[in-house]
Amino acid sequence: MPNATIEVRRHYTPTEESAIIDAVHAAMMQALKIPEWDKTVRLIVHEPHRFPEISDKGERYTLIEIDLISGRSLEAKKALYQAIIKNLKPFGIPGDQIKILLRESPAENWGIRGGVPASEVDLGFDVNV
């Protein structure tokens, strides 16, 4: 159930955009053990003047923010970071131009499936990985 937002300052083809979304989703499946059907990943392309170049970063600077239910181990988070870096490399995005931010909140802070707290629902997977 993580929600991921990928923000970039470079235009990609629609095919590349879909593949970047899939690459981040694949990293979340691998490291966080989420199921394939749990895919909430958005890609936002900014005009360069709206997403300024970070001092030593170039046009491929990529910001990935992931909101998720609390419970993942440090090992799972490290695996996620490395999987994202690896999965985005084929798109020419250098690892040192990727910033990943995880925001965790308790399951009761997620209203899902008709407004029910996620803490009261069987998610179909374990968040304690």
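Start with a cartoon of the whole chain. From the N terminus on, the elements run β-α-β-β-α-β-β-β. That makes 2 helices and 6 strands. Helices (H or I, at least four residues) and strands (E, at least two) are DSSP runs, numbered from the N terminus. The radius of gyration is 15 Å, close to the 14 Å that the globule rule gives for 129 residues, so the chain is as compact as a globular protein of that length. Here the radius is taken over C-alpha atoms, and the rule is 2.2 Å times the number of residues to the power 0.38.

A note before you click on. This is a predicted model: local features need pLDDT of at least 70, side-chain atom pairs count only at pLDDT 80 or more, and totals for chains, interfaces and linings use all residues. Residues are numbered from 1 along each chain as its sequence is written, and side-chain values use heavy atoms, with hydrogens and water left out.

**Whole chain**

Now colour by accessibility. Of the 129 residues, 44% count as buried. Buried means under 20% relative accessible area, exposed over 50%, and partly exposed in between (1.4 Å probe, protein chains only).

Next, the contacts. Residues 24 or more positions apart account for 77% of the contacts with a separation of 6 or more. Contact means heavy atoms within 4.5 Å.

Then select the charges. The mean positions of the 16 positive and 19 negative charges are 4 Å apart. Lys and Arg count as positive and Asp and Glu as negative; His and the chain ends are not counted. Each charge is placed at NZ of Lys, CZ of Arg, CG of Asp or CD of Glu.

**The core**

Which residues have the most contacts inside the largest nonpolar core? Select Ile-6, Ile-64, Ile-66, Leu-80, Ile-84 and Leu-88, in a core of 37 residues. At least two core residues each come from strand E1 (3–8), helix H1 (14–32), strand E2 (40–45), strand E3 (62–69), H2 and strand E4 (98–105). H1 gives the most, with 8 residues. A nonpolar core is a set of buried Ala, Val, Leu, Ile, Met, Phe, Trp, Tyr and Cys residues joined through side-chain atoms within 4.5 Å.

Zoom in on Ile-84. Leaving out residues up to four places away in sequence, Ile-84 touches Ala-27, Ile-64, Ile-66, Ile-98 and Ile-100.

**Along H2**

Go to Lys-77, in helix H2 (residues 74–88). Is Lys-77 buried or exposed? Lys-77 counts as buried, because its relative accessibility is 16%. Beyond residues up to four places away in sequence, Lys-77 touches Arg-72, Leu-102 and Glu-104.

Stay in helix H2 and pick Glu-75. At 57% relative accessibility, Glu-75 counts as exposed. Draw a distance to Ala-26, 49 residues apart along the chain: the C-alpha atoms are separated by 17 Å.

**Along H1**

Pick Glu-16 in helix H1. Glu-16 is partly exposed, with a relative accessible area of 31%. Its C-alpha atom is separated by 7.8 Å from that of Phe-91, 75 residues apart along the chain.

Move to Asp-22, also found in helix H1. Asp-22 is partly exposed at 39%. Between the C-alpha atoms of Asp-22 and Leu-88 there are 9.9 Å, for a pair 66 residues apart along the chain.

**Two loops**

Select the loop between H1 and E2, where Lys-33 is found. Phi of Lys-33 is near 60°, a positive value in a residue other than glycine. Most residues other than glycine have a negative phi.

Trp-37 is found in the loop between H1 and E2 too. At 57% relative accessibility, Trp-37 counts as exposed. Trp-37 touches Arg-113, Leu-123 and Phe-125, not counting residues up to four places away in sequence.

Arg-113 has a positive phi of about 45°, although it is not a glycine.
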